[in-house]
Amino acid sequence: PMSVPCSNPVNKLTSDAFNFEMDFYSVRGSYGWSSYKASAISSQGDFYLTFGGYNYTPTQSRTYITDLECGFNTSDEVSLRINKNGLIYYGVPGELAHMEIDSLGNKAITLCNYKVTTGTSNNPTLINVRLEF
């Protein structure tokens with residue numbers, strides 16, 4: 001299923017949680033350790049979305065489902081890890097991440113009302129982000 005794009009400033013993470021915003025000054029996609037990873041760096045911390053599947057690289061627009069960070073994820077799955085001022089957040093399994101790729105190869109990742117958790121709390125934080133690279 002396609003996720004509904006949210007209106008969020010480009011390369012900025014916003015949230016319903018107090019003091020959980022991140023302005024990314026570096027956003028890129030790279031391939032390494034047999035996985036494709038989108039990374040975004042800010043002065044508040046780092047954002048990593050890792051695509052599953054051995055040697056998989058996204059080549060077309062589609063929606064991925066979140067699973068736990070694991071070397072056994074399939075090419076339909078992604079895992080999210082955010083380091084926010086030293087506190088680690090993970091994407092909640094089952095959440096959707098949408099990737100758009102245009103004819104020039106430019107990529108945009110959109111997460112709307114996406115749940116993240118520290119893994120020690122049953123109260124997830126909702127985030128919205130649109131990364132373009």
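Predicted model: local features only at pLDDT ≥ 70, side-chain atom pairs only at ≥ 80, totals over all residues.

Analyst: A salt bridge is counted here when a side-chain nitrogen of Lys or Arg lies within 4 Å of a carboxyl oxygen of Asp or Glu. Residues are numbered from 1 along each chain as its sequence is written, and side-chain values use heavy atoms, with hydrogens and water left out. The mean pLDDT of the protein is 87, with 92% of its residues at 70 or more.

Searching the whole structure gives five salt bridges. One of them pairs arginine 62 with aspartate 76, whose closest N and O atoms are 2.5 Å apart. This pair links distant parts of the chain, 14 residues apart, since arginine 62 belongs to strand β5 (residues 62–66) and aspartate 76 to the loop between β5 and β6 (77–84); strands are DSSP runs of E with at least two residues, numbered from the N terminus. Aspartate 76 has a relative accessible area of 38% and is partly exposed, a class lying between buried (under 20%) and exposed (over 50%), computed with a 1.4 Å probe on protein chains only.

Shared partners join Lys12, Glu21 and Asp23 into one network of salt bridges. Within it, lysine 12 meets glutamate 21 with the closest N and O atoms 3.3 Å apart, and lysine 12 also meets aspartate 23 at 3.3 Å, N to O. Aspartate 23 lies in strand β2 and lysine 12 in strand β1 (residues 12–15), so this pair ties together parts eleven residues apart in sequence. Glutamate 21, at 41% relative accessible area, is partly exposed, and aspartate 23, at 39%, counts as partly exposed too.

Key. pLDDT = per-residue confidence, 0-100. Helix = DSSP H or I, 4+ residues; strand = E, 2+ residues; numbered from the N terminus.
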